[in-house]
Amino acid sequence: MAEPEPAVVAPGATVAEPAATSPTPWPELVEAACDAVATAGRWRRPRAFDASGPRGTLVDTGRRVVSFAGNDYLGLSHHPAVVAAGAAAVQRWGAGAGASRLVTGSRPVHHELEAALAAWKGAERAVVLPTGFAANLAVLTAFAEAGAQGGAPVRICSDELNHASIVDGCRLARAEVCVFRHADAGHLAELVGTAPGPVVVVTDTVFSMDGDEAPLGAIAALCRASGALLVLDEAHAVLGPDPGPLLAGVACVRVGTLSKTLGALGGFAAGPRRFVELLENRGRPYIFTTAPSPADAAAALAALGVLRSDEGTALRERLAAAVARLRRGAGLPAGRAPIVPVVLGAEERAVAASEALLAEGLWVPAIRPPTVPPGTARLRVTLSADHSDDEVDRLAEQLRRLSSGTPAGQRAGSGAGAGTPTGAGIGAGSGAGPGPGSGAAVPGAGPGAGSGAAVPGPTAVTALP
Ligand SMILES: Cc1ncc(COP(=O)(O)O)c(C=O)c1O
C-alpha cells in the first residue's frame with residue numbers, strides 16, 4: 001500500500017489538541033533508528049579510497065585494491081581532455097554556479113552542454129540538472145502536474161525494479177502510481193489499458209542492480225498506441241540499448257546522468273522543445289537548486305566529445321570485451337551490460353564473499369536490502385574500459401573459486417565453470433523474473449524497488465562462504 005501522506009499544518013494555523021504525552025527526545029529516536037539498522041546487520045560507512053580510476057589505496061587499511069564498484073564505465077573521469085576541460089572551467093568561471101539558473105543565469109558552458117546532449121539523444125532540446133536523481137524527480141513531478149490539468153487523474157506505471165530516484169519521483173508526483181512486474185510488457189499493457197486519464201510509463205533501460213534490459217520495443221509500441229508519455233532512464237546504457245529507432249511517434253523524455261558514462265556529475269532530460277521548457281518552468285529540482293558547477297558541465301561536455309569520437313568507439317569496444325571476458329571466465333551467462341550481478345540470496349553470504357574478494361585485492365561491493373529486494377543480496381561487479389585483462393581474469397578466477405567453495409588464496413580445481421558437484425553455481429541476476437511478492441502492481445500501490453514491494457526470483461549460489 002502507498003504510505004499515508006503526513007499531515008501538513010499551514011503557516012499560522014494552530015494544532016487543535018496538545019499532545020497527551022511528552023514526545024521522546026530526538027537523540028533517543030535517532031539512537032533507536034541507528035540501532036535498528038545495526039541490529040539488522042546493515043550498518044554502513046563510506047570508505048576513503050585514494051584513487052583516480054579503478055586502482056588505488058583504501059585509506060583505513062593502507063591496502064592497494066582494484067575497484068569493481070564504480071560506474072565510470074569508460075574511465076572518462078580522469079581522461080586528460082576531460083580533466084583539462086574541468087580545470088579550465090574552474091579557472092574561467094570559478095568553483096560554483098552560484099544559484100539557480102533562472103535567478104542568476106547560466107554559464108555559457110551549460111548551454112553548450114545542453115545542445116551537445118540534445119544532439120547526442122536526437123532530441124530537440126535537453127536540460128541539465130544537478131544529478132540524475134534530481135532529473136527523475138523533476139520529470140515525474142512536472143509531467144504528473146501537467147497531465148492532471150484536464151481533471152482526470154494521472155497514472156504513472158513504473159517497473160518494480162526501477163531506480164530509487166524513480167521510486168521517489170513517483171512518491172512526490174501527485175499521481176496514482178501502479179507498479180508493473182519487472183520487464184513485463186503484458187502487465188504494463190493491462191495497467192495502461194485501465195487508466196482513467198493520462199498515463200506516464202517509466203522504466204530504466206538497463207537495470208542498475210541486475211544489468212538486464214527493459215523490453216523497449218514492446219513498451220514503445222504500447223506508448224505509441226495508447227498515447228502514454230514514455231520516460232526512459234538511460235543511466236547505465238553505455239553499451240546500449242539505443243532506444244532511438246523505436247521512438248518515432250512516441251511522446252518520450254530521455255533521462256540520463258553525467259556521472260557514469262561521462263565521468264562527471266549532473267543529470268539531464270532530453271525531449272521535444274516544449275517538454276524541456278516545461279521542465280525549466282515547472283521542474284522544482286531544476287528551479288529551486290543550484291546548477292551543476294561549470295567544471296562539471298565542461299568536463300561532461302569534453303567527455304561527450306570523446307564518447308562520440310573514434311576513441312569513444314574504441315573505449316566502448318574495450319568495455320564490451322571486458323564484459324564478455326569476465327562472464328566467460330567466471331562461467332556466467334552472456335550479457336551486454338557492464339553490470340554483472342552475482343546473486344547470493346542471504347546478506348551474510350554477500351558480505352562474506354565481498355570480504356573474501358577484498359582480501360585478494362579486489363573490491364566488489366555487497367549489495368543488500370533495501371537497495372535490492374530481500375533474499376537477493378548479491379555481489380555487484382561493475383566493469384570499466386580501464387580494467388586490464390589481467391585484472392578481469394583475476395576477478396573471474398576468484399568468482400569461480402567462490403562458486404566452488406574453495407577458500408580464497410587456493411586454486412579452484414579445474415576452473416572449467418561455475419558449477420559444483422552439488423549443482424550450485426554463480427547465478428547472474430539478468431534472468432531473474434518477478435516472484436510471488438510482485439502482486440504489488442495494483443492501482444495506488446507504492447513503487448517497487450527500494451521499497452521492498454517485490455521479490456524477484458534469483459538464481460541462488462549455495463557454495464559460497
Ligand atoms: C538508473 C539510475 N538512475 C538515476 C541514477 C542517479 O544518477 P546520479 O548519480 O547522477 O544522481 C542512478 C544512480 O545510481 C541510476 O542507477
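Author: Before your questions, please keep in mind that this is a predicted model, in which local features need pLDDT of at least 70 and side-chain atom pairs count only at pLDDT 80 or more, while totals for chains, interfaces and linings use all residues. Residues are numbered from 1 along each chain as its sequence is written.

Reader: Among the contacts in the protein chain with a separation of 6 or more, what percentage is accounted for by residues 24 or more positions apart?
Author: Two residues are in contact if their C-beta atoms, placed from the backbone, lie within 7 Å. When the contacts with a separation of 6 or more are taken, the share that belongs to residues 24 or more positions apart is 73%.

Reader: How much of the protein chain is made up of buried residues?
Author: A residue is called buried if 20 or more other C-beta atoms lie within 10 Å of its own, exposed if 12 or fewer, and partly exposed in between, with the C-beta atoms placed from the backbone. Of the 465 residues in the protein chain, the buried ones make up 51%.

Reader: Which residues touch the most other members of the largest nonpolar core?
Author: A nonpolar core is a set of buried Ala, Val, Leu, Ile, Met, Phe, Trp, Tyr and Cys residues joined through C-beta atoms within 7 Å. The largest one holds 126 residues, and those touching the most other members are Val139, Ile156, Val200, Val201, Leu230 and Ala269.

Reader: From which domains does this core draw at least three residues each?
Author: The domain bounds come from an automatic or database domain assignment. With those bounds, the core draws at least three residues from each of domain 1 (44–73 + 312–457) and domain 2 (77–307).

Reader: Which residues does Ala269 touch, if residues up to four places away in sequence are not counted?
Author: Ala269 belongs to the group of core residues that touch the most other members. Once residues up to four places away in sequence are set aside, its partners are Ala126, Val127, Ala135, Ala138, Val139, Val253, Val255, Val276 and Leu279.

Reader: How many helices and strands does the protein chain have?
Author: Helices (H or I, at least four residues) and strands (E, at least two) are DSSP runs, numbered from the N terminus. Counted in this way, the secondary structure of the protein chain comes to 14 helices and 16 strands.

Reader: Why is β9 described as largely enclosed by the rest of the structure?
Author: In a regular strand the side chains alternate between the two faces of the sheet. In β9, one side carries Cys252, Arg254 and Gly256 and the other Val253, Val255 and Thr257, and all of them are buried. The strand is therefore largely enclosed, the count of buried residues in β9 being six of six.

Reader: In what sense does β9 run with β8, and in what sense with β10?
Author: Two strands pair if DSSP finds at least two bridges between them. Four bridges join β8 to β9, with Leu232 standing opposite Arg254, and four bridges also join β9 to β10 (residues 267–271), where Thr257 stands opposite Gly267. The sense is parallel for β8 and β9, and antiparallel for β9 and β10.

Reader: Which residue in β10 is the bridge partner of Val128?
Author: Strand β4 (residues 125–129) is mostly covered, with five of its five residues buried. It pairs with β10 in the antiparallel sense over five bridges. Within β10, the bridge partner of Val128 is Phe268.

Reader: Which helix gives the largest share of the shell around the ligand?
Author: A residue is near a molecule if its C-beta atom, placed from the backbone, lies within 6 Å of it. The ligand is surrounded by 14 residues, and the closest are Thr131, Gly132, His163, Ala235 and Thr257. The largest share of this shell, three residues, comes from helix α5 (residues 132–147).

Reader: Is Ala183 buried or exposed?
Author: Ala183 lies in the loop between β6 (176–180) and α7 (185–193), and its phi is near 55 degrees, a positive value in a residue other than glycine. Because Ala183 has 25 C-beta neighbours inside 10 Å, it counts as buried.
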